[in-house]
Amino acid sequence: MSSHEAVTDAAPQDTSDKRRWIALAIVMTAAFMDLVDATIVNIAIPSIKGDLGASLGTIQWITAGYALAFAAGLITGGRLGDIYGRKRLFLLGTAGFTLASALCGFATSPEMLVASRLLQGAAAAMMVPQVLSIIHVTFPAHERGKVFGMFGAIIGLGAVSGPLLGALLTQWNIAGLEWRPIFLINLPVGIAGLLLGRKFITESKAPKALRLDMVGVLLVTAALLMLIYPLTRGRELDWPLWGHLMMAGSVLVFGALVAYEKYKTKKDGSPLVELSLFRVKSFAAGIAVQLTFGVVLGIFFLVWTLYMQIGLGWTALRAGLTGVPFSIAVSVAAGLSVQKLVPRFGRKVLQAGALTMIAGVLLYLFEAGRYGTGIESWQMIPPLVVMGLGMGLIVAPLTDAVLSEVPQEHAGSASGLINTTGQMGNALGLGLVSVVFFGSIDDERLAEVPAEVGAAFTNAFQNSLGWAAGVLAVIFLVMFALPAKPKQHLEGGGDADADADAVVVEKEPALTR
């Protein structure tokens, strides 16, 4: 099949075309690049802060801006691929991601870096949703099990290698560029992906004509900005009145979004958000779990980096190596939960994951208080491994549990909404860092007595861990609304296969965007 022929989802795959494996390598590399970029940035934040003189609020936006743009654009990116062609949007997203990476790498000010990260997140929202759609039309159903096994391995490798790679690139200080290579490394990968993707990826479109919901996109983006911007800037500006008004106004905008989506559903049946999904109790509960779990991850990974590198004065490499046992524990538990535990124990596995994470968080809180600024990397390993095991028990099976009672025809839309909600939670958590972490730090006191930075950051880290444990307790309770044992919501082939493919993308944990 020519790579220039446009096919629909229903078109048969040509199993004699060996080039499909090259296409697979290309899209998997793009997925790996996105995941590594998500996990690589936090470890370099102290270096960025020192080099560009970025404020603490700006530091939050370097991570939250990416998550916000990614969340706001995910559903639209998938819809654009269905309408105009997955290959076209994948290449456009890859080009945008590569350009944005160059702008990040050559940023001359904190403002330029934040703007470039927003562009990078928006480009990723065009690129990432096409990956599984391209795999679906490139491989026949009997090959997809093997393909998605490889995809899962790549995701696990990205989760483990991202922080370590970021630490090495920062520590090596290549050509005196300090943190910049963490972004510039994307350039050769992105250029190769563009050149090879143009030649080897087959174009495909959805069999039915769809419509964009740009009003819905604008409303959800505005609501998120009105909520997250005051959170990140409020502390620096002494919590002005306009910030409180903006956050209150975001509730009204979310209400307007719901009203408009109802109207859009009646008008042409192509809303950005399929509101009927929320009538399914397990789906509504799952969305709540995904949102709050994203908040926990957004808070923890940023404050953890700041605690180790600024509070304890560790190098990026030491911080990155300290996090490796956590990443390995997540990967191991994720594999066990899906293959062995969930089929037998169902929802209890996810709840055990929440309780295990709480135990790890509380153990970490205890150790941080007991050892203070003298804590060693090896002393962090037990709580990190316990937390990683708990997280792995949740992230891998959560989507299937949430989707198990969703009607088959809405599985693809529901999957995209779950991923978007997770990214929204991540962005919200990054915004809340101002409250739960920086809110515990007295800047004026530290300016007068720099020697107290370590103790202040340790106390702030403990405060953040307390919040994380509380949110995880709420997640545990909400999980009771999930099905006791996930049902097989998809049967047969055809469109069901397409929806099943859409589900797999949720296996990627949104760690540290």
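Buried means under 20% relative accessible area, exposed over 50%, and partly exposed in between, using a 1.4 Å probe and protein chains only. With that in hand, let's look at some rings. This is a predicted model, where local features need pLDDT of at least 70, side-chain atom pairs count only at pLDDT 80 or more, and totals for chains, interfaces and linings use all residues. Residues are numbered from 1 along each chain as its sequence is written, and side-chain values use heavy atoms, leaving out hydrogens and water.

Both F300 and F301 are buried. Rings of Phe, Tyr and Trp (its six-membered ring) pair if their centres lie within 6.5 Å; planes under 30 degrees apart are stacked, over 60 edge-to-face, and the rest tilted. By this rule there are 18 aromatic pairs, including these two:

| Pair | Centre to centre | Angle between planes | Type |
|---|---|---|---|
| F300 and F301 | 5.3 Å | 75 degrees | edge-to-face |
| F437 and F457 | 5.5 Å | 80 degrees | edge-to-face |

The pair of F437 and F457 links distant parts of the chain, 20 residues apart. F437 and F457 are buried too. Ring pairs also join F300, F301, W304, Y307, F326, Y364 and F461 into a cluster.

Now to I62, which sits in helix 3 (residues 56–84); helices are DSSP runs of H or I with at least four residues, numbered from the N terminus. I62 is buried, with a relative accessible area of 0%. Leaving aside residues up to four places away in sequence, I62 touches V41, I48, L113, V114 and R117, where contact means heavy atoms within 4.5 Å. By contrast, L119 in helix 5 (residues 110–138) is partly exposed, at 37%.

Note on methods
Helix = DSSP H or I, 4+ residues; strand = E, 2+ residues; numbered from the N terminus.
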